[in-house]
Amino acid sequence: MTQAPATVSTRTLPALALCLNALVWGTSWWPLRYFETLGLHPLWTTALVYAAVVIVIVLLRPRAVLQVLRAPALWLLVLAAGTTNATFNWAMVIGDVVRVILLFYLMPVWAVLLARLLLHEPITRGAALRVALGVAGAAVVLWPAGAGLEALPLPRSLADWLGVVGGLAFALNNVMLKREAHRPEEGRALAMFVGGAVVSALIALALHSSVPLPPAPAQAWVLPVLVMAVLFGLGNLALQYGAGRLPANVTSVVMLTEVVFASASALALGSAQLTPQALLGGALILLAALLAAREPH
């Protein structure tokens with residue numbers, strides 16, 4: 001009798017923390033689009049938000065800087081995390097939110113292949129099934145409306161490509177986190193936030209002809225960017241709290257609520273279309289993710 005409330009609490013609070021993180025990420029498309037109306041490209045928004053978080057981490061955990069500099073393996077994490085954030089945030093601004101997030105959640109497909117390549121994990125029958133389901137779901141989502149069987153289900157817009165690349169980078173990010181799990185958490189966290197700032201800024205500078213520099217500092221966007229940085233920092237803390245207290249498979253399932261938050265908010269604000277094609281393809285992709293979450297390891 002006395003142990004039941006404690007059991008519920010130890011499960012409920014971490015799950016709520018993960019839901020908070022999923023809420024922050026799932027609805028981040030709205031402030032990103034708001035900043036774009038003020039002349040701040042999503043790449044620069046991402047760079048500024050993550051730069052603010054980096055400053056806080058360095059001030060609170062200065063030893064994390066040396067941890068990143070002395071570990072070349074974490075540099076790959078910088079690249080993976082940075083590419084994930086740059087592509088995902090950009091895609092969510094210029095594309096259909098539901099379509100983008102479904103393509104992004106092809107991550108379990110890429111994770112199987114990258115885990116084989118980098119961690120030498122075998123491709124089991126269950127893993128092959130997840131790949132097949134994910135690829136089939138992506139084919140349904142990408143199939144041109146009204147096209148026949150001769151059409152190829154390939155990404156057909158910049159947003160599509162960014163969503164796919166973002167999912168691939170996210171899979172690499174997760175595989176690298178697993179491979180480098182023995183390193184201090186603060187070093188891995190700093191590497192990911194540095195990546196979000198540096199990679200986004202470098203891509204923006206490389207595309208300077210089509211990505212304008214940030215406008216002059218103004219209260220209309222500077223303060224909201226700082227608020228967004230606080231929310232992203234809190235979301236990261238919530239993720240660490242929840243993931244550290246729940247089994248990995250439970251964490252994976254709860255994190256799928258990001259799809260719900262993103263889809264519901266986008267549909268409510270008229271920034272997405274939920275077609276039968278997207279529903280079917282999304283169901284296959286999410287089924288692959290759920291099967292991945294049921295893996296014992």
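Predicted model: local features only at pLDDT ≥ 70, side-chain atom pairs only at ≥ 80, totals over all residues.

**Exercise 1. Describe how helix α3 packs against helix α5.**

Solution. 
- Step 1: Start with what to look for. Two packed helices are described by the angle between their axes and the distance between the axes.
- Step 2: Find the two helices. Helix α3 covers residues 42–60, and helix α5 covers residues 72–94. Their axes come within 9 Å and cross at roughly 135°.
- Step 3: The crossing of α3 with α5 is right-handed.
- Step 4: List who meets whom. From α3 come Pro 42, Leu 43, Thr 46 and Tyr 50, and they meet Asn 85, Ala 86, Asn 89, Trp 90 and Val 93 of α5. Sorted by class, the residues of this contact are six nonpolar, three polar and no charged.

**Exercise 2. Now do the pair formed by helix α7 and helix α9.**

Solution. 
- Step 1: Helix α7 runs over residues 107–118 and helix α9 over residues 158–179.
- Step 2: The two pack at an angle of about 45°, and their axes are 8 Å apart. Angles under 35 degrees would count as roughly parallel, but α7 and α9 are oblique to each other.
- Step 3: The handedness of the α7 and α9 crossing is right-handed.
- Step 4: On the α7 side, the contact uses Met 107, Trp 110, Ala 111, Leu 114, Ala 115 and Leu 118. The α9 side includes Val 164, Gly 167, Leu 168, Phe 170 and Arg 179.
- Step 5: Count by class: 13 nonpolar, two polar and one charged residues make up the contact of α7 with α9.

**Exercise 3. How many aromatic pairs does the whole structure hold, and what is the geometry of Trp 25 with Phe 232?**

Solution. 
- Step 1: A search of the whole structure turns up nine aromatic pairs.
- Step 2: Take Trp 25 and Phe 232. Their ring centres are 4.9 Å apart and the planes make an angle of 45°, a tilted pair.
- Step 3: Look for a wider group. One aromatic cluster is formed by Trp 25, Tyr 50, Phe 88, Phe 104, Tyr 105, Phe 170, Phe 193 and Phe 232.

**Exercise 4. Is Gln 273 buried or exposed, and what does Gln 273 contact?**

Solution. 
- Step 1: Gln 273 sits in the loop between α13 (257–268) and α14 (276–293).
- Step 2: The cut-off for exposed is over 50%. Gln 273 has a relative accessible area of 60%, so Gln 273 is exposed.
- Step 3: Setting aside neighbours within four places in sequence, Gln 273 is in contact with Asp 96 and Leu 267.
- Step 4: The C-alpha atoms of Gln 273 and Leu 76 are 36 Å apart, and the two residues are 197 residues apart along the chain.

**Exercise 5. Where do Val 165 and Ala 15 lie, and what do they touch?**

Solution. 
- Step 1: Val 165 is part of helix α9. With 33% relative accessibility, Val 165 counts as partly exposed.
- Step 2: Apart from neighbours within four places in sequence, Val 165 is in contact with Thr 83 and Thr 87. From Val 165 to Leu 106, 59 residues apart in sequence, the C-alpha to C-alpha distance is 9.7 Å.
- Step 3: Ala 15 lies in helix α1. Its relative accessibility is 21%, and Ala 15 counts as partly exposed.
- Step 4: Not counting residues up to four places away in sequence, Ala 15 touches Leu 246 and Val 254. Ala 15 and Thr 251 are 236 residues apart along the chain, with their C-alpha atoms separated by 7.6 Å.

Methods
Residues numbered from 1 in each chain as written. Heavy atoms only, no water. Axes fitted to C-alpha atoms, helices over the stretch in contact; angles between N-to-C directions. Helix = DSSP H or I, 4+ residues; strand = E, 2+ residues; numbered from the N terminus. Left-handed = near helix turned anticlockwise from the far one by under 90°. Contact = heavy atoms within 4.5 Å. Nonpolar A, V, L, I, M, F, W, Y, C, P; charged D, E, K, R; others polar. Parallel < 35°, antiparallel > 145°, perpendicular 65-115°, else oblique. Phe/Tyr/Trp six-rings, centres within 6.5 Å; stacked < 30°, edge-to-face > 60°. Buried < 20%, exposed > 50% of the residue type's maximum accessible area, 1.4 Å probe, protein only.
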